[in-house]
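Hi,

Here is the structure I promised to pass on.

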Amino acid sequence: MSSRLSSSLACGLWLAALVAPAMAQTLYRYQDENGVWVYTDRRPRGEQSFQEQQVERRFEKPEIRLWERSARSGVALIAQNTYFAPIQIAFRLSALENVSADTPRTGLVVLPPRSETELVLVGRAAAQGDLRFESEFQYLPGEPGAEHRPEQPYRLPYALSTAVRVSQAFPDTKTHTDVASRHAVDFVMPIGTDVFAARDGIVIEVASDFFESGTNPAVDGPRANVVRVLHNDGTMALYVHLNWNTIRVVPGQQVRRGEYLADSGNTGFSTGPHLHFVVQRNQGGSLIAVPLTFADASGAPITLRTGATYTAY
């Protein structure tokens, strides 16, 4: 999902279909030095002989489902949130016929994780007349007004003792020109570099089906493989441009700081292999990037700068 998704609903029943995409991946099987069979999704290194096969795993793709429910005085618009995170929905009613004057025309509603909520009751002005209207919805992940309060500086999102160069960081904003990415950090990584969680959280979004990149933001931006992780303060980390078919986490999974997530890649709006890392909060209807500090060798906070190289500890 991009930072905002819109949909329209005319008066009448509509329900988004549940999608359970298959994630094909390779399973490796080999014997270790003690003759014990090892099963893993990581290709053995060196000259180790192994067997491999393609397997599929499925997960429920989080989404917002919308439908109507008849009520004595009109029609209730219902939303179901299948995300493992709060979702803020904005709605607008238009093309109104026989809609009561006290029916809200616009509104903002926060849906708790994995919940079902009535957005608005559209009442009839005249009990015997036909009720007609059109509805538009937009939604964003995250609790509005969440404050960024990490318990400690972020872990650099790559292997310990590994040094990686930063190609873009605030205040340089060559491609990080909007509020959702202004404080993002781009790490130069060859395709296939291990990416690790920078902070504890719960996975709330995964996109893993893309394998191409380009330089048209409108076309290529939505085609990035990503992992979005919700933190306990309501902010969300976004790991972007991941390699096709390498993501090893699913929505609803708890991840720990330093846990392997995926391989870096070059998918979506990208001019070369790198990891785009950003932490965002929902500021009342917009996703806003927040300033970040990372841990140095002593655990003290450091602010990353464009062109510098940093070692993960």
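**Salt bridges and the rest**

Glutamate 97 is partly exposed, at a relative accessible area of 44% (buried means under 20%, exposed over 50%, and partly exposed in between, with a 1.4 Å probe and protein chains only). Its side chain meets that of arginine 132 in a salt bridge, 3.9 Å from N to O; by salt bridge I mean a side-chain nitrogen of Lys or Arg within 4 Å of a carboxyl oxygen of Asp or Glu. Arginine 132 lies in strand β10 (residues 132-141) and glutamate 97 in strand β7 (residues 87-97), so the pair ties together parts that are 35 residues apart in sequence. Strands here are DSSP runs (E, at least two residues), numbered from the N terminus; helices would be H or I runs of at least four. Arginine 132 is partly exposed too, with a relative accessible area of 45%.

Before going further, the ground rules. This is a predicted model, where local features need pLDDT of at least 70 and side-chain atom pairs count only at pLDDT 80 or more, while totals for chains, interfaces and linings use all residues. Residues are numbered from 1 along each chain as its sequence is written, and side-chain values use heavy atoms, with hydrogens and water left out.

On confidence: the mean pLDDT (the predictor's confidence in each residue, from 0 to 100) is 87, and 88% of the residues reach 70 or more. Over residues 1-22, though, the pLDDT is below 50, and this stretch has 61 contacts in the model beyond near neighbours in sequence (contact means heavy atoms within 4.5 Å). Where pLDDT is low, the predicted coordinates should not be read in detail.

Back to the charges. The structure holds 10 salt bridges. In another of them, arginine 69 pairs with glutamate 116, with the closest N and O atoms 2.8 Å apart. Arginine 69 sits in strand β5 and glutamate 116 in strand β9, so this pair links parts 47 residues apart in sequence. Both ends are partly exposed: arginine 69 at 41% relative accessibility and glutamate 116 at 43%.

What about arginine 199 and aspartate 233: buried or exposed? Arginine 199 is buried at 6% relative accessibility, and aspartate 233 is buried at 15%. Their side chains meet in a salt bridge of 3.0 Å, N to O. Arginine 199 lies in the loop between β13 (194-196) and β14, and aspartate 233 in the loop between β16 and β17, so the pair ties together parts 34 residues apart in sequence. Salt bridges with shared partners join Glu151, Arg199 and Asp233 into one network.

Next, a sheet. An open sheet is formed by 3 strands in the order β5-β6-β9, with antiparallel pairing (two strands pair if DSSP finds at least two bridges between them). β5 (64-71) and β9 (115-123) are at the edges with a single partner strand each, so one side of each has no neighbour in the sheet. β5 is joined to β6 (residues 74-81) by 8 bridges, and glutamate 68 stands opposite leucine 77 in β6.

As for packing, the largest nonpolar core has 33 residues, of which Phe187, Val227, Tyr239, Phe277 and Phe294 touch the most other members. A nonpolar core is a set of buried Ala, Val, Leu, Ile, Met, Phe, Trp, Tyr and Cys residues joined through side-chain atoms within 4.5 Å. β21 gives the most to this core, with 3 residues. Leaving out residues up to four places away in sequence, phenylalanine 277 touches residues including Tyr154, Phe187, Tyr239 and Phe294. Apart from that core lies another, of 20 residues, among them Val75, Ile87, Val109 and Phe133.

Most residues other than glycine have a negative phi, and most peptide bonds are trans.

- Phenylalanine 170 and proline 171 are joined by a cis peptide bond, with omega about 15°; proline 171 lies in the loop between β11 and β12.
- Arginine 114 has a positive phi of about 55°, lies in the loop between β8 (106-111) and β9, and is partly exposed at 43%.
- Asparagine 245 has a positive phi near 60°, lies in the loop between β17 and β18 (254-255), and is buried at 18% relative accessibility.

Cheers
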